[in-house]
Amino acid sequence: MNEALDRLTNGAWLHTFPEGKVCQEDAPIRRLKWGTASLIARAPVTPIVLPIIHHGFEKVMPENYAFGRRPPVPLWNQEIKIVVGEPMEFNLPELREMALSQSRDSSFSSGQWPRNILGGLDEAAQKCLYMTISDQIRTTLENLRNFSKSYAKVEQ
C-alpha cells in the first residue's frame with residue numbers, strides 16, 4: 001500500500017482491483033475491499049477513479065477447464081469485452097465531514113486502526129469514509145456491469 005501511495009503521490013497511474021479477487025461468475029459485484037478507498041483518502045491530491053468492467057477473461061483462464069483445474073496456458077481466440085465508464089471524482093472534504101457525522105452515531109471502533117490520518121479522522125470516521133468511497137465505486141461498477149450486459153444483448 002505504501003508503494004501504491006507513493007505512485008499516486010508522484011502522479012502516476014495506479015490500477016487496482018477493489019473486489020480483492022477474480023470473479024469468474026456473472027454475479028452482482030460484492031462489497032469492495034477498503035484498500036482503494038484508503039489510497040483515495042490518503043493521497044495528497046485526490047486521484048480520479050476510472051471505472052473499468054471486463055467480460056470474457058473467465059473464458060481465457062477458466063477455473064474448471066480440465067479435471068477441475070485451469071489450463072496450463074491462457075486460451076486464445078476468446079472474445080473479451082472491456083467497458084470504460086465515466087471518471088469519478090470525490091469531494092473528500094465533504095466526505096470527511098459526513099464520515100465524522102456518521103461515526104459519532106456508530107460503533108465502528110475496535111482499537112486496532114491508526115489513531116489519525118490526514119484530516120484528523122479517528123478510527124470510526126476512517127471506516128465510515130472508506131465504506132462511503134467503496135460503496136460509491138461499487139455502485140458505479142455495478143451500474144457499468146449492468147450497462148455492459150444490456151449493451152452486449154443489443155449487439156447480438
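Leaving aside neighbours within four places in sequence, with which residues is Ile 133 in contact? Taking contact to mean heavy atoms within 4.5 Å, Ile 133 is in contact with Ala 37, Ile 40, Ala 41, Phe 90, Leu 92 and Leu 95.

The structure is a predicted model, in which local features need pLDDT of at least 70 and side-chain atom pairs count only at pLDDT 80 or more, while totals for chains, interfaces and linings use all residues. Residues are numbered from 1 along each chain as its sequence is written, and side-chain values use heavy atoms, with hydrogens and water left out.

**Overall layout**

The chain has five helices and two strands, these being DSSP runs numbered from the N terminus (helices H or I of at least four residues, strands E of at least two), and along the sequence they follow the pattern α-α-β-α-β-α-α. Of the 156 residues in the chain, 33% are buried, where buried means under 20% relative accessible area, exposed over 50%, and partly exposed in between, with a 1.4 Å probe and protein chains only. Among contacts with a separation of 6 or more, 64% are between residues 24 or more positions apart.

**Nonpolar cores**

A nonpolar core is a set of buried Ala, Val, Leu, Ile, Met, Phe, Trp, Tyr and Cys residues joined through side-chain atoms within 4.5 Å. The largest one holds 22 residues, of which Ile 40, Phe 90, Leu 92, Leu 129, Ile 133 and Ile 137 touch the most other members. Two or more residues come from each of helix 2 (35-42), helix 4 (92-103) and helix 5 (123-155), and helix 5 gives the most, with eight residues. Apart from this core lies another, of five residues, including Ala 4, Leu 5, Leu 8 and Leu 39.

**Aromatic pair**

Rings of Phe, Tyr and Trp (its six-membered ring) pair if their centres lie within 6.5 Å, and planes under 30 degrees apart count as stacked, over 60 as edge-to-face and the rest as tilted. By this rule the count comes to one aromatic pair. The rings of Trp 34 and Tyr 130 have centres 6.5 Å apart and planes at 65 degrees, so the pair is edge-to-face. This pair links distant parts of the chain, since Trp 34 lies in the loop between helix 1 and helix 2 and Tyr 130 in helix 5, 96 residues apart.

**Accessibility of selected residues**

| Residue | Relative accessibility | Class |
|---|---|---|
| Trp 34 | 25% | partly exposed |
| Tyr 130 | 5% | buried |
| Glu 25 | 46% | partly exposed |
| Arg 70 | 47% | partly exposed |

Glu 25 is found in the loop between helix 1 (2-9) and helix 2, and its C-alpha atom is 7.9 Å from that of Glu 58, although the two are 33 residues apart in sequence. Arg 70 lies in the loop between helix 3 (57-60) and strand 2 (81-84); leaving aside neighbours within four places in sequence, Arg 70 is in contact with Met 61, Pro 62, Glu 63 and Tyr 65.

**Largest pocket**

On a 1 Å grid over the protein atoms alone, a pocket is an open set of points where a 1.4 Å probe fits, with protein on both sides within 12 Å along at least five of seven lines, and lining residues have an atom within 4 Å of a point. The largest pocket is lined by 50 residues, of which Phe 17, Ile 52, Ile 53, His 54 and Leu 141 lie nearest its centre. Helix 5 gives the most to this lining, with six residues.
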